[in-house]
Amino acid sequence: MAQRRKPPSIKGDSRAFDPDFKGPIAKRGCTDVLCCMVFILFITGYIILGLIAWVHGDPRRVAYPTDSKGHFCGQKGTPNENKSILFYFNLLSCTSPSVMINLQCPTTQICVSKCPEKFLTYLEIQLPFKRDKHSWEYYSQFCKSPIFHSAKSLSEIVMDDECPAAIFPSKPFLRRCFPDFSTKNGTLTVGNKTTFEDGKGHIRNAVELRAAAKNINKVLDAKAIGVKVFEDYATSWYWILIGLTIAMLLSWLFLLLLRFIAGFLFWIFVLGVLGIIGYGIWHCYQQYRNLQERPNSHLTIYDLGIQTDISMYLQLKQTWFAFMVILSILEVLVILLLIFLRDRIRISIALLKEGSKAIGYVPTTLIYPVFTFFLLSICICYWAVIAVYLATSGTPIYKVITPEGKCKYENRTCDPDIFNTTEMSRACPGAQCNFAFYGGNSLYYQYISTFQIFNLFIFLWLINFVIALGQCALAGAFASYYWALRKPDDIPPYPLFTAFGRAIRYHTGSLAFGSLLLALIQMFRIALEYLDKRIKDNQNNIAKFLQHCLKCCFWCLEKVVKFLNRNAYVMIAIYGKNFCRSAKDAFDLLIRNILKVAVLDKVTDFVLVLGKILVSGCIGVLAFLLFTQRISIIIEGPTSLNYYWVPLLTIIAGSYLVAHGFFSVYAMCIDTIFICFLEDLERNDGSTEKPYYMNRSLMKIMKVKSTQSTKQ
């Protein structure tokens, strides 16, 4: 028989027995008013920041590349409307060290309608009796202004910065002309050539050109993957939507079935997860055995090195062996957990049935994740828009840039209209006054970085507040179910809407307080990650060890605070006290019943995690069979995918998130019922004067006997 404790006898404690107690207290006051005011003040500042950023920012600066004069390429209503691609006069100059300092290539950049498609130098078009009469017309479109013929020498053209000394085959990438690289017999080529003339009497090779291109854009190495991944998404987007829709329906179906066949469904979860992992082990073994028979089976990941084509790693037997080992370990862990937690799992299954009844009486809770997703989408979009507008705030700033970076005026601010007449131009031959970035000298521009940090912090605060609001609203609805003595007759009408209204009206400050704690911890974690990337190469072993310890500590702290907040919101929903008081009461209640918490909390989470894995696993297996043409007889999927794992991983991750949204309602329901159950045990003893609010099935689950039945 479960040991019953005397209810708390603290004077004025709202948790003492109240014969008129019918569930969450209706008469309550506002809590944590100061934090509520601070929260509203920050939200007001966030809105003002958005308006200021909207006035000063220009997202076109992200969408359109900018030439050396600060003009947008491809902007409608401008002379560059039909010139949407940025062209570099001398890409080889981008190997200069100043590129990494100034983040700008020291060469003229203009907007063009298309990239060059062939090799051509300025000297070649000056030769008399040129067979191609249109060579100059073709070449002149890559000059600053259309020139039908020029009698200037190469040195004059280069000094006046009117035309490039040479052009070579290029393709647009990220709206910029980059060399058309390819590999021929293991040798890097550009336009099917390994060497070419640079227009200044020198012979250059494709490797030099690639080094210059790398300095302009670090993501050039991912060009092939980026383009192919985009193509895969464009081809399979509707299949991804279909998969996520099926995941939503499957999650909904599981939640409905849990009410009637929770035990049977649990073993379906277990067998399904074990079957999916087993299929993965078998597939990895088949791939491993097939690759072992090939001539190059001895190659390892170390021999292959770093490759941009990820599919090359899938041609190694070592990769599939690693996958097989990981899946085997996961299979063994699941089986061991089932063996050692079998008794606790039985209790959790019974508690799931009780949670199903609660959701059955309050079905609107199944729709709430959609509302949470809507609010989270608004927060994410607002944060992203402000970040873009802040990053593009300011007026064009021009800097002096020299190819060699050896000028006393290097990186000085300049005016492109009068630069050629200034002392800077005469003191630094070959120097250019090019567009550098957007900025200004006002107070607003000096604090752009601070505003970005503020934007990130408020974003984290809002995200945690939305999640806290959902948890408190759901807790209030399920508490109304539990504290109804006669179910469902005593359940108040519209419990979810009532609980949501109470949370907004009375407890915005408390929810903001709890979410603020999480936001501060998350900001510290982000700051640690940022510092780690900034000083990664300059750290000694002791500094790395301390940093890893800090990361681990803050990760654990975040998990603990999330757990405490979750239970504090349940107490807020029931009793309407402030955050600190509710967190203390919840913590004391859980400590007094630590054994029950250890039995039910994580075991129930394990059962729900199995459900999430089953949903995402089922959808993942179907997607795998579809994208690899294994079920083409039944239904034909996309046949032109470059990497089938791109839509596959997207569907698996999306399905897990969808299932998490629906199963989180179940988790909150069980947590609320468990907290209410512990409160019920301490407030009442099951006698006629102090009856239990739990129903007989829950009493049987938790092995609780009332005083009345004990006397009998």
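Analyst: A disulfide is taken here as a pair of cysteine sulfur atoms within 2.5 Å. In general terms, a disulfide is a covalent bond between the sulfur atoms of two cysteines. The model is predicted, and by this cut-off the structure holds two disulfides.

One of them joins cysteine 73 to cysteine 111, with an S to S distance of 1.9 Å. The torsion about the S-S bond of cysteine 73 and cysteine 111 is about -75 degrees, so this disulfide is left-handed. The pair links distant parts of the chain, its two cysteines being 38 residues apart. Cysteine 73 lies in the loop between helix H2 (60-63) and strand E1 (85-88), while cysteine 111 belongs to strand E2 (residues 109-112). Both cysteine 73 and cysteine 111 are buried.

The other disulfide is formed by cysteine 115 and cysteine 177, whose sulfur atoms are 2.1 Å apart. For cysteine 115 and cysteine 177 the S-S torsion is about -95 degrees, and the disulfide is therefore left-handed. Cysteine 115 is buried, as is cysteine 177.

Cysteine 35 is in no disulfide. The nearest cysteine sulfur to that of cysteine 35 belongs to cysteine 36, at 7.9 Å. With a relative accessibility of 15%, cysteine 35 counts as buried, because the limit for that class is under 20%. For cysteine 580, the closest cysteine sulfur is the one in cysteine 35, 9.4 Å away and too far for a bond. Cysteine 580 has a relative accessible area of 45% and is partly exposed.

Next comes the confidence of the prediction. The chain averages a pLDDT of 77, and 76% of the residues score at least 70. Where pLDDT is low, the predicted coordinates should not be read in detail.

The helix H1 can be followed into its packing. Two packed helices are described by the angle between their axes and the distance between the axes. The axes of H1 and helix H12 (residues 368-391) come within 9 Å and cross at roughly 45 degrees. That angle makes H1 oblique to H12, because angles under 35 degrees count as roughly parallel and those from 65 to 115 as roughly perpendicular. The crossing of H1 and H12 is left-handed. On the H1 side the contact is made by Tyr46, Ile47, Leu49, Gly50, Ala53 and Trp54. The H12 side contributes Tyr382, Trp383, Ile386, Tyr389 and Leu390.

In the segment before H1 is aspartate 32. Its phi is near 50 degrees, a positive value in a residue other than glycine. Aspartate 32 counts as buried at 18% relative accessibility. Tyrosine 494 likewise has a positive phi of about 50 degrees although it is not a glycine. Tyrosine 494 is found in the loop between helix H15 (448-482) and helix H16 (495-506). At 61% relative accessibility, tyrosine 494 counts as exposed.

One further residue is asparagine 567, which lies in helix H18 (residues 541-575). Asparagine 567 has a relative accessible area of 6% and is buried. Leaving aside residues up to four places away in sequence, asparagine 567 touches Ala586, Leu590 and Ile675.

As for the chain as a whole, it has 23 helices and twelve strands. Of its 712 residues, 46% are buried. Among contacts with a separation of 6 or more, 72% are between residues 24 or more positions apart.

How values were computed. Residues are numbered from 1 along each chain as its sequence is written. This is a predicted model: local features need pLDDT of at least 70, side-chain atom pairs count only at pLDDT 80 or more; totals for chains, interfaces and linings use all residues. Side-chain values use heavy atoms; hydrogens and water are left out. Helices (H or I, at least four residues) and strands (E, at least two) are DSSP runs, numbered from the N terminus. Buried means under 20% relative accessible area, exposed over 50%, partly exposed in between (1.4 Å probe, protein chains only). pLDDT is the predictor's confidence in each residue, from 0 to 100. Axes are lines fitted to C-alpha atoms, for helices over the stretch in contact, and angles run from 0 to 180 degrees between N-to-C directions. Angles under 35 degrees count as roughly parallel, over 145 as roughly antiparallel, 65 to 115 as roughly perpendicular and the rest as oblique. A crossing is left-handed if the near helix is turned anticlockwise from the far one by less than a right angle, and right-handed if clockwise. Contact means heavy atoms within 4.5 Å.
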